Each structure stands twice: as structure tokens, then as C-alpha cells.
Amino acid sequence: CVERSVEMMVGILAVLKAGGAYLPLDPEYPADRLSYMVQDSGIELLLTQSHLHSLIPGAEALQVLELDTLDTSCESDADPRVKLHGEHLAYVIYTSGSTGRPKGAAIRHS
């Protein structure tokens with residue numbers, strides 16, 4: 001959950017390079033939609049910016065990394081070299097859903 005920015009792109013690329021999958025959470029979505037997406041998707045890690053952290057209902061139950069305050073000076077800058085193939089999950093996107101509830105669609109690298 002970050003604003004459109006360089007930090008957002010860095011976060012997305014970091015998740016993908018680490019072999020993870022991401023779920024975009026638009027900070028402008030209503031709180032009930034964000035809450036549903038967080039609960040339904042089962043995410044465990046929230047990448048956000050410090051001023052948006054409080055917008056995510058249930059964030060206290062997640063591991064949270066605030067990209068604008070994160071100190072990576074002690075982290076390795078080596079490529080993680082995670083092997084991925086086309087069937088690995090890249091991201092989940094929520095559609096409006098015909099039932100009125102958003103529906104998550106899992107998108108693979110392929």
C-alpha cells in the first residue's frame with residue numbers, strides 16, 4: 001500500500017526478485033475494501049509508507065515494512081538469485097466482482 005512513486009516500483013521489483021508475489025492495495029480504496037482484500041488474500045507482509053500505515057485495517061496483525069523509513073544499510077546488495085518459472089505466482093489483483101465483493105485473480109509470471 002504505497003502511493004504511485006519510485007518507492008512503489010522498488011517495492012514491486014524487490015518482491016518479485018525475492019520470489020514473492022504482491023497484492024497492490026490502493027490507498028484511495030475504501031477501508032472496508034482494503035480490509036476484505038487483506039483478509040481474503042492472507043497476506044502476511046505489508047510494504048507501505050509511514051503516512052499510509054494506519055489506512056490498512058488489520059495491519060497490526062501483519063509484519064510491516066515502511067519503505068520510506070526502512071534502513072537497508074546493513075543488507076546485502078547481492079542478487080538473491082531466486083529461481084522462478086512461468087507457473088509461479090507474480091501478483092494477485094482484485095476485480096470488482098459480480099457479487100459485489102471483490103474477487104482475487106492470481107496472475108502467474110507466464
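**Contacts, core and pairings in the predicted model**

Ile-93 touches Pro-24, Lys-103, Gly-104, Ala-105 and Ile-107, when residues up to four places away in sequence are not counted. The model is a predicted one. Ile-93 belongs to strand β3. Its relative accessible area is 35%, so Ile-93 is partly exposed. The C-alpha atom of Ile-93 is separated by 8.8 Å from that of Tyr-22. Along the chain, these two residues are 71 residues apart.

Aromatic pairs were searched for across the whole structure, and two were found. One is formed by Tyr-22 and Tyr-91. This pair is stacked, with 5.3 Å centre to centre and 20° between the planes. Tyr-22 sits in the loop between α1 (6–17) and α2 (31–41), while Tyr-91 sits in strand β3 (residues 89–95). The pair thus links distant parts of the chain, 69 residues apart. Tyr-91 has a relative accessible area of 26% and is partly exposed.

Tyr-36 and Tyr-94 also form an aromatic pair. Here the arrangement is edge-to-face, at 6.4 Å centre to centre and 85° between the planes. Tyr-36 lies in helix α2 and Tyr-94 in strand β3, so this pair ties together parts that are 58 residues apart in sequence. Both Tyr-36 and Tyr-94 are buried.

The largest nonpolar core holds 13 residues. Leu-23, Leu-25, Leu-46, Ile-56 and Tyr-94 touch the most other members. At least two residues of this core come from each of α2 and β3. Helix α2 supplies the largest share, four residues. In soluble globular proteins, nonpolar side chains tend to be buried together.

Leu-25 shows the contacts of one core member in detail. Beyond residues up to four places away in sequence, Leu-25 touches Cys-1, Val-2, Leu-34, Met-37, Val-38, Ile-43, Leu-46 and Ile-56. Of these, Leu-34, Met-37 and Val-38 are buried residues of α2. Arg-33, Ser-35 and Tyr-36 are likewise buried in α2. Strand β3 is included in what covers the buried residues of this helix. Arg-33 also lies over the face of Tyr-29, at 4.7 Å from the ring centre. Just after α2, Gly-42 takes a positive phi of about 75°.

Thr-48 is placed in strand β1 (residues 45–48). With 0% relative accessibility, Thr-48 counts as buried. Its side chain reaches the backbone oxygen of Cys-1 at 2.6 Å. Leaving aside neighbours within four places in sequence, Thr-48 is in contact with Cys-1, Val-2, His-53, Val-64, Leu-65, Glu-66, Leu-67 and Asp-68. Cys-1 and Val-2 are also touched by Leu-25.

Side chains of opposite charge can pair when their charged atoms come close. The structure holds two salt bridges. Asp-79 forms one with Lys-17, and the closest N and O atoms are 3.5 Å apart. Asp-79 lies in the loop between β2 and β3 and Lys-17 in helix α1, so the pair ties together parts that are 62 residues apart in sequence. Asp-79 counts as partly exposed, at 38% relative accessibility. Lys-17 counts as partly exposed, at 45%.

Glu-87 forms a salt bridge with Arg-108, where the closest N and O atoms are 3.4 Å apart. Distant parts of the chain are linked here too: Glu-87 is in the loop between β2 and β3, and Arg-108 is in strand β4 (residues 103–108), 21 residues apart. Relative accessibility is 49% for Glu-87, which counts as partly exposed. Arg-108 counts as partly exposed at 47%.

Arg-81 is placed in the loop between β2 (63–66) and β3. Its phi is near 50°, a positive value in a residue other than glycine. Arg-81 counts as exposed, at 69% relative accessibility.

Conventions:
Residues numbered from 1 in each chain as written. Predicted model: local features only at pLDDT ≥ 70, side-chain atom pairs only at ≥ 80, totals over all residues. Heavy atoms only, no water. Phe/Tyr/Trp six-rings, centres within 6.5 Å; stacked < 30°, edge-to-face > 60°. Buried < 20%, exposed > 50% of the residue type's maximum accessible area, 1.4 Å probe, protein only. Lys NZ or Arg CZ within 6 Å of the ring centre and 35° of its normal. Polar contact = N/O pair within 3.5 Å; in protein donor to acceptor, adjacent residues only side chain to side chain. Contact = heavy atoms within 4.5 Å. Salt bridge = Lys/Arg side-chain N within 4 Å of Asp/Glu carboxyl O. Core = buried A, V, L, I, M, F, W, Y, C linked by side-chain atoms within 4.5 Å.
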